[in-house]
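Please walk through this structure with me, beginning with a pair of charged side chains and ending with a sheet.

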Amino acid sequence: MMTNKKEILETIDRIYKQRRLNAELSKERKINELYAKSKEFADICDKIKLAGLRLSKASLMQNKEQIAKYSKILDTLISKRTKLLIEMGYPSDYLEPDYVCKACQDTGFVVSEDRVEVCKCRAQLFIELLYEQSRLKEILKEHNFSNFNLDFYSKEIDLKEGLSPYKNMLKIIEEVKKFVENFDMPNQKNLLFYGPTGLGKTFLAHCIAKEIIDKGKTVIFLDSISFFEILKDKYSKMVRLYDEVSDEEYKSLEEVDLLIIDDLGNEGKNTEFCHGVFQSLLDKRFLSGKKMVITTNYSLDGLVTVYSGFIMGRLQEYFMFLHLFGEDVRVIKAKLQLEKRT
């Protein structure tokens, strides 16, 4: 999935540490500014600090009476300070730290009553750093619609399919462009390209990735082996609740604007145990209106033998199936290269 997952996570931790430091420094600068402006403000802040220290001491001693006393004093002082701020022409929340993300207060994690979850901002940062470190950035310089060559697709009608590979690819490109144009529309179906190897399925997926990134959206491009490794980690966390399994990767699969899974079915037969996680992810992305593109070398009948009826049902409901057929483009290119040499 990435050149160095550990490096990305270490970079994320450094970024959040710096964000929290910046927020605290900003708050400190504001307090110093107000100290210089108002002796009354300075006196209240000093009393707040003292009350805070006494409350901490009472908490350590588990003295309920003192805790109640200093909690009340602290609330009163903070209320007075807020009133004074407004009188001085400042907003009531002027002294709140300027966090980049208010939801997690620049920790990267949101704490609820019974669990800790990766914040959306951390998943987003993971996606951005992943793209910067991946080969996708370089690949898309070549794999885009500007370099898509229809000359490799025969204009002879395929008797079984009822049209030529060329005409079929024209129709597929038309659907792909609709997908890109209507990317933010809730009724736009996801795309699933299927057919034998060497017909341009991955190239088309790269073309879509380039167009969506150019729209300012985020994209994750994964081969099926890497994709199911993340699902395995998620499954492990679900069944062994006390194991510490990093969740950034799975969260990024939920949050990214476009998730592309290349060569579905190539992940092997030892992944059936996490097919339920796959189904859950499909449902979540569909319900949140986030788009997916899948490529597979399997026929539709072949997919049925690999995945459960539940997953196939989801694929049929959430995706438009686009069949590629014809001669292997790589073989055609090799023949042309050979002809040039001779």
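Is E175 buried, partly exposed or exposed? With a relative accessible area of 22%, E175 is partly exposed, where buried means under 20% relative accessible area, exposed over 50% and partly exposed in between, for a 1.4 Å probe and protein chains only. The model is a predicted one, in which local features need pLDDT of at least 70 and side-chain atom pairs count only at pLDDT 80 or more, while totals for chains, interfaces and linings use all residues. Residues are numbered from 1 along each chain as its sequence is written, and side-chain values use heavy atoms, with hydrogens and water left out.

E175 forms a salt bridge with K178, their closest N and O atoms being 3.9 Å apart; the term requires a side-chain nitrogen of Lys or Arg within 4 Å of a carboxyl oxygen of Asp or Glu. Helices are DSSP runs of H or I with at least four residues, strands runs of E with at least two, numbered from the N terminus.

In helix α7, K210 and D214 lie four residues apart and meet in a salt bridge of 2.7 Å, N to O. K210 is partly exposed at 25%, whereas D214 is exposed at 53%.

Elsewhere, five strands form an open parallel sheet in the order β4-β5-β6-β3-β7, strands counting as paired if DSSP finds at least two bridges between them. Because β4 (219-223) and β7 (319-323) stand at the edges with a single partner strand each, one side of each is left without a neighbour in the sheet.
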